[in-house]
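Open the model in your viewer and keep the selection tool ready. Each stop says what to pick and what is there.

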Amino acid sequence: MKTVFYVICQCTWGVLQTLLGAFFFLAHIGEKHYFYHGAIVTGWSYPNSASLGLFLFIADPQKSDKKEKKNSSLDKLPERLLLHEYGHTIQSLILGPLYLPFIALPSALWCSLPYYKKKRERKGISYYSFFPEKWADRLGEKVLEKSL
């Protein structure tokens with residue numbers, strides 16, 4: 001029942017990010033896909049993971065950010081990424097159409113802009129210390145009753 005409710009909410013309240021996620025899903029249709037607590041997970045070859053409504057895109061652990069590798073052993077990295085990205089799907093459920101401007105955009109900028117990458121590296125700041133990331137971790141842990 002929870003899964004059905006999750007899917008319905010992502011396809012209604014979170015329709016904008018789910019449509020965008022569906023576009024990326026179709027663009028990577030040849031990749032490995034599986035279900036994770038109602039979400040559709042795609043393993044892709046990019047170094048960064050992403051969450052768009054009903055869809056999770058999980059980075060190849062060998063290409064993940066150096067900081068991420070330091071914070072998790074490689075064998076635990078995919079599990080950590082799944083839990084974190086699933087937390088973003090819960091943010092999508094909470095915020096609906098506000099998810100893209102208030103979570104996805106700041107998160108993408110924090111992740112990919114050279115200024116922030118250098119700042120994190122120079123000051124030893126964890127990627128997960130930024131508010132959308134910290135909140136996603138807490139939500140993933142709480143909803144899935146797991147710990148990072």
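The tour visits strands, then a pair of helices. Keep in mind that this is a predicted model.

Stop 1: Select residues 32-36, strand β1, together with β2. The two strands run antiparallel and are joined by five bridges. For a landmark, pick Phe 35, which stands opposite Ile 40 in β2. Now move to the turn. Two residues lie between β1 and β2 in this hairpin. One to check is His 37, in the turn, with a positive phi of about 50°.

**Stop 2: strand β2 itself.** Select residues 39-43. Is β2 largely enclosed or open? Four of its five residues are buried, so β2 is largely enclosed by the rest of the structure.

Stop 3: Select α4 (residues 77-95) and α7 (residues 131-144). Their axes are 7 Å apart, and the packing angle is about 95°. An angle of 65 to 115 degrees counts as roughly perpendicular, which means that α4 is roughly perpendicular to α7.

**Stop 4: the contact residues.** Show side chains on both helices. On the α4 side, the contact includes Leu 83, Tyr 86, Gly 87, Ile 90 and Ile 94. On the α7 side, look for residues including Trp 135, Ala 136, Leu 139, Gly 140 and Val 143. Colour the contact by residue class: eleven residues are nonpolar, five polar and four charged. Arg 80 in α4 and Asp 137 in α7 are also among the contact residues.

Conventions:
Residues are numbered from 1 along each chain as its sequence is written. This is a predicted model: local features need pLDDT of at least 70, side-chain atom pairs count only at pLDDT 80 or more; totals for chains, interfaces and linings use all residues. Side-chain values use heavy atoms; hydrogens and water are left out. Axes are lines fitted to C-alpha atoms, for helices over the stretch in contact, and angles run from 0 to 180 degrees between N-to-C directions. Angles under 35 degrees count as roughly parallel, over 145 as roughly antiparallel, 65 to 115 as roughly perpendicular and the rest as oblique. Contact means heavy atoms within 4.5 Å. Ala, Val, Leu, Ile, Met, Phe, Trp, Tyr, Cys and Pro count as nonpolar, Asp, Glu, Lys and Arg as charged, and the others, Gly among them, as polar. Buried means under 20% relative accessible area, exposed over 50%, partly exposed in between (1.4 Å probe, protein chains only). Two strands pair if DSSP finds at least two bridges between them.
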